[in-house]
Amino acid sequence: MNFMGILVTLVASFVITSVIGIWLIPFLHKLRYGQTILDIGPAWHKSKQGTPTMGGLMFIIGIVIACAAGWITMKFSGRGLADAGPNGSFYLVGGLLMSLGFAAIGFLDDYIKVVKKRNLGLKAWQKSCGQLFVAVAYLIGEALLAPTTMVWIPFAGEFNFGFFYYPLMLFIIVGAVNSVNLTDGIDGLAASVTMVAGMGFMVIAALESYSQMNLLAAALAGGCLGFLVWNFHPAKVFMGDTGSLFLGGVVVALAFGLRIPVVLIFIGIVYVMETLSDIIQIGSVKLTGKRVFKMAPIHHHFEMCGWSEVKIVAVFSAVTAVGCVIAILSIL
């Protein structure tokens, strides 16, 4: 494993992301791209009204540039990319392109919210169609350039899913991306949880000797840390759907590049909890008229129980770390 390239990527992603914030946040303030806080959230979130959004642009730029810098460092170092893993270039470049596609959908959604003053942004069907298009395009690219129908099942091994591979992977991609989006509900939560997930992916990539995926994981971890300089409570900027959908894309790209998409159940345990809590809440209200949680998704439930945002971020990050350990054990 080319550790110099990994280090360059990690540091570059952190530095670029955090430095961009010095310029981007005042610029967003100047444009009046402030977040509109909906009434469906906790009442005290109203104090965050007007905090700039679309801040995810800073780590999108940081991650892409850092990956390029790390790749160049690896390419021209002693070992080069000899341990890039199967079809490593497709999973790095294709994964970034998929993530940028999701970010474009998020950017359009944010733009409609903050510029056009339509609080709900894109309509649900519009967002869903866009996400399906990006996910299908990625799977077509994989079928053509990195064909596989094998899926690693945690603690069981690899199995050939044949035709069923594609609908299953489509479900995982769209589901995971939207789950990361749901997690972005309080200061620093999505960035902290995803930073820990990125570190988990770094360990797995090192164990499997997938250098290009380690580049992407390092860029993800560094970018999230750089964003937390500005997003940790009290947040000076929000990532918006621009950032959260991009992060979801990178998480998916790493899972696919390491050929462990199902292991996202463990690494993305917080994402799963957030989504399940929303589904359970909606189902319970429709079937029984009663709520299971004080508010969904689940991070709001803990807020309503009196937990501070900092405590929620710390606990959810710790849970993610435990999930990463389980994920690592599941592939050994």
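In which kind of crossing, left-handed or right-handed, does helix 5 pass helix 8? The crossing is right-handed, a term used when the near helix is turned clockwise from the far one by less than a right angle.

## About the model

This is a predicted model, in which local features need pLDDT of at least 70 and side-chain atom pairs count only at pLDDT 80 or more, while totals for chains, interfaces and linings use all residues. Residues are numbered from 1 along each chain as its sequence is written, and side-chain values use heavy atoms, leaving out hydrogens and water.

## Where two helices meet

Let's look at this pair. The axes of helix 5 (residues 165-183) and helix 8 (residues 240-257) come within 7 Å and cross at roughly 140°. Axes are lines fitted to C-alpha atoms over the stretch in contact, with angles from 0 to 180 degrees between N-to-C directions. Helices are DSSP runs (H or I, at least four residues), numbered from the N terminus. The two helices are therefore oblique to each other; angles under 35 degrees count as roughly parallel, over 145 as roughly antiparallel, 65 to 115 as roughly perpendicular and the rest as oblique.

Residues of helix 5, including I173 and V177, meet residues of helix 8, among them V252 and F256.

## A buried threonine

Now for T320, which sits in helix 12 (residues 309-331). T320 is buried, with a relative accessible area of 0%; buried means under 20% (1.4 Å probe, protein chains only). Leaving aside neighbours within four places in sequence, T320 is in contact (heavy atoms within 4.5 Å) with V193, V196, A197, I267, I269 and V270.

Notes:
Buried < 20%, exposed > 50% of the residue type's maximum accessible area, 1.4 Å probe, protein only.
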